[in-house]
Amino acid sequence: MEVHAHSHTARKKWTHYFWEFFMLFLAVSLGFYAENLREGILHKKEVNSQVRSLLSDLRSDVALFDSVIDRNSFASQMSDSLIRLLHSDISNTPAIYYAARSVTANLGYYYSNSKSFDQMKASGLLRYIKPKPLLDSIGTYYVSFQWLANQTELMRLKLDEVHKGNAPVFDSYTFYQMMNMPFNSFNGRHQEILHPEGHPVLLSSSLKDINTVSLNYHYYSTTTKFYNRTAISQRNRAMRLIEQIKKEYDLE
C-alpha cells in the first residue's frame, strides 16, 4: 500500500491580514487627504480672488452711498425750504419753483453691488471664509439691503404723490425750461438745475392746493430723512466690513 504525503497550505497569521488591511486603509486615506488638500488649496485661491472682488464691490457701495446721501440730504433741505416759502412768502415764486423742482431732480436710490457675494453663495465658497464672525458680518450686510429696498419703494410712492400734487400748482413749461441744461451739470454732490426766468406764476393759489403741495413735500422730506439715516448706518456697516476683510486677508 502506497502512502501519499498530504501537503497542507500554510495558514497566514492574523497579523498579515491586519497589515494588508492597514496598508490598504492607509493608501485610501492618503488619497482622500491629498485630494482634500488639493481642493483646499484651489478653494483658498478662489476665495482670495472672490474676496478681493467683494472688497471692490463694498468700496463701490460706499461711493454710491456718499453720493446718494448728499443728493437726498439736499433734496430734503429744499423740501423744508419750499414748505416755509409756501406758508410765509408765497409771492417769492422764483424760489418756490426752484425748490420744488430741485427736490424731484435729486432723488437717489440705494442699492448694493452684490455680484461677488452672489457668485460666492452660488458656488458654495462662502463656507470657506474665515473666521466665522467675518462671514456673519458679510451675510448681515447683504441681508440688510432688504430693509433699504422696502424704504426705496416707500420713497417712490411719496415722490408719486409729490408729482400728482404739483400738477394743479406749477407750470409745466417753466419746469421744462429749468431742466434745459447740459447733462454734465451734476456737480458731484447733487443735480444743479436752472433758476426760472422772470417771476413765474403759480397756476393755483387756493389754500387747498397749496396745502396739498406742502403736505406732500413734508411727507417726502421726513421719509427721505429716515431713508438717509438707514443708509448712513448701512454705509458705516460697509466701512467696518471693509476693514475686517483687509485685516483678515491682509489686503489694501
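Predicted model: local features only at pLDDT ≥ 70, side-chain atom pairs only at ≥ 80, totals over all residues.
Residues are numbered from 1 along each chain as its sequence is written, and side-chain values use heavy atoms, with hydrogens and water left out. Local features need pLDDT of at least 70, and side-chain atom pairs count only at pLDDT 80 or more, whereas totals for chains, interfaces and linings use all residues.

The protein chain holds 7 helices and 0 strands. Helices (H or I, at least four residues) and strands (E, at least two) are DSSP runs, numbered from the N terminus. The order along the sequence is α-α-α-α-α-α-α. The chain has 252 residues, of which 38% are buried (under 20% relative accessible area, 1.4 Å probe, protein chains only). Among contacts (heavy atoms within 4.5 Å) with a separation of 6 or more, 86% join residues 24 or more positions apart.

The largest nonpolar core comprises 58 residues. Such a core is a set of buried Ala, Val, Leu, Ile, Met, Phe, Trp, Tyr and Cys residues joined through side-chain atoms within 4.5 Å. F170 and I245 have the most contacts inside this core. Elements giving two or more residues to the core include α1 (14-88), α5 (145-166) and α7 (207-249). The most come from α1, with 16 residues. Beyond its neighbours within four places in sequence, F170 contacts I96, Y97, A100, F175, L202, L203 and V213.

N216 lies in helix α7. N216 is buried, at 12% relative accessible area. Apart from neighbours within four places in sequence, N216 contacts E161, V162 and G165.

Notes. Buried < 20%, exposed > 50% of the residue type's maximum accessible area, 1.4 Å probe, protein only.
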